[in-house]
Amino acid sequence: MSRGIASAPRTAFSSLVVALALSACGGASPNEGQSTQATGAFPATVSAAFPARQRLAEATRLLITVHNSGTRTMPNVAVTLLNPQAGSGAQALGTLLAQPASGQPPLAGRSRPVWIIDQAPGPCGYSCHQGGPGAGATAYTNTWALGPLAPGRSLTFAWHVTAVEPGTYTVAYQVAAGLSGAATATGASTRGRLHIVISSKPRSAYVNNAGQVVSH
């Protein structure tokens with residue numbers, strides 16, 4: 001089951017497994033081998049770019065750039081994409097179908113894509129080439145992470161997408177400094193909304209005399 005970006009509770013079972021593992025290693029100290037990931041608030045400046053007007057079947061890019069404006073390294077910069085009306089019930093860059101009318105059979109799943117994600121953030125390895133979620137995908141709902149970000153440096157999350165559903169949509173984004181919720185990104189621009197209109201008229205294209213695909 002997918003999880004929200006700030007929810008990762010420990011269970012009694014997982015604690016027991018850790019205790020048994022430590023005892024099997026000869027009584028290691030409680031802090032030995034544990035992560036020393038930085039926690040707290042990390043100032044950040046975020047910019048987002050996504051064409052406000054698009055056409056059906058048009059390939060575009062959603063770019064979210066995170067700049068570490070603080071003095072500490074962000075442990076694992078992450079971005080979550082949500083549909084403000086559907087929340088985490090819809091897939092990233094998607095929407096929800098209406099509930100079936102009374103007496104009609106329920107839907108197995110109401111989430112439908114507005115944009116197909118052709119390539120997600122992160123290096124394009126095996127998963128990406130096979131149509132998977134990409135190297136930056138995480139177990140958290142609609143969330144991608146690209147690792148540490150040093151002070152004064154910037155990191156860009158890029159989604160290569162194709163519009164498949166006409167209409168007016170809002171894409172909400174939220175940036176975090178880490179996945180556990182113990183490391184937060186602060187600043188007015190760390191969350192925002194992008195308003196997009198997708199025309200039902202597809203983008204026209206043709207092949208010129210040089211064999212190149214020309215769109216207009």
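Me: A pocket is an open set of grid points with protein on both sides within 12 Å along at least five of seven lines, and a lining residue has an atom within 4 Å of a point. With that in hand, which residues lie nearest the centre of the largest pocket?
Reply: First, keep in mind that this is a predicted model. The largest pocket has 13 lining residues, and Q91, A92, I117, N142 and W144 are the ones nearest its centre. About 200 Å³ of space lies in this pocket.

Me: Which elements give two or more residues to the lining of the largest pocket?
Reply: Those are strand 7 and strand 8 (143–145). Strand 7 has the largest share, with 3 residues.

Me: Which residues line the largest cavity?
Reply: Among them are L81, L82, N83, Q91, A92, W115 and Y169. By class, the lining has 8 nonpolar, 4 polar and no charged residues. Strand 4 (78–82) and strand 10 (167–176) each supply at least two of the lining residues, and strand 10 gives the most, with 3.

Me: How do you know that strand 1 and strand 3 pair?
Reply: Count the bridges. At least two are needed for a pair, and strand 1 (residues 40–49) and strand 3 (residues 59–68) have 6, in the antiparallel sense.

Me: In which sense do strand 1 and strand 11 pair?
Reply: That one is parallel, over 4 bridges. A41, for instance, stands opposite T184 in strand 11.

Me: How many bridges join strand 3 to strand 9?
Reply: There are 9, and the two strands run antiparallel. T65 stands opposite T156 in strand 9. Strand 9 also pairs with strand 7, again antiparallel, over 4 bridges, with W115 opposite A163.

Me: Why are strand 2 and strand 8 said to stand at the edges?
Reply: They belong to an open sheet of 5 strands with the order 2-12-10-4-8. Strand 2 (53–55) and strand 8 each have a single partner strand, so one side of each has no neighbour in the sheet. The twist from one strand to the next averages 30°. Inside this sheet, strand 4 and strand 10 pair antiparallel over 5 bridges, and V79 stands opposite V175 in strand 10.

Me: What makes strand 9 mostly covered?
Reply: A buried residue has under 20% relative accessible area, and 7 of the 10 residues in strand 9 are buried.

Me: Which residues touch the most other members of the largest nonpolar core?
Reply: I64, L81, W115, F157 and W159 do, in a core of 33 residues. Several strands supply at least two core residues each, including strand 1, strand 3 and strand 9 (154–163). The largest share, 5 residues, comes from strand 9.

Me: Why is R110 called partly exposed?
Reply: Its relative accessible area is 26%. Buried would need under 20% and exposed over 50%, so 26% falls in between, and R110 is partly exposed. R110 sits in the loop between strand 5 (94–96) and strand 6 (111–113). R110 and T95 are 15 residues apart in sequence and 8.2 Å apart in space, C-alpha to C-alpha.

Terms used: Residues are numbered from 1 along each chain as its sequence is written. This is a predicted model: local features need pLDDT of at least 70, side-chain atom pairs count only at pLDDT 80 or more; totals for chains, interfaces and linings use all residues. Side-chain values use heavy atoms; hydrogens and water are left out. On a 1 Å grid over the protein atoms alone, a cavity is a set of points where a 1.4 Å probe fits but cannot get out, and a pocket is an open set with protein on both sides within 12 Å along at least five of seven lines; lining residues have an atom within 4 Å of a point. Ala, Val, Leu, Ile, Met, Phe, Trp, Tyr, Cys and Pro count as nonpolar, Asp, Glu, Lys and Arg as charged, and the others, Gly among them, as polar. A nonpolar core is a set of buried Ala, Val, Leu, Ile, Met, Phe, Trp, Tyr and Cys residues joined through side-chain atoms within 4.5 Å. Buried means under 20% relative accessible area, exposed over 50%, partly exposed in between (1.4 Å probe, protein chains only). Grid points are joined across faces, edges and corners, and a volume is the space filled by probe spheres set on the points. Axes are lines fitted to C-alpha atoms, for helices over the stretch in contact, and angles run from 0 to 180 degrees between N-to-C directions.
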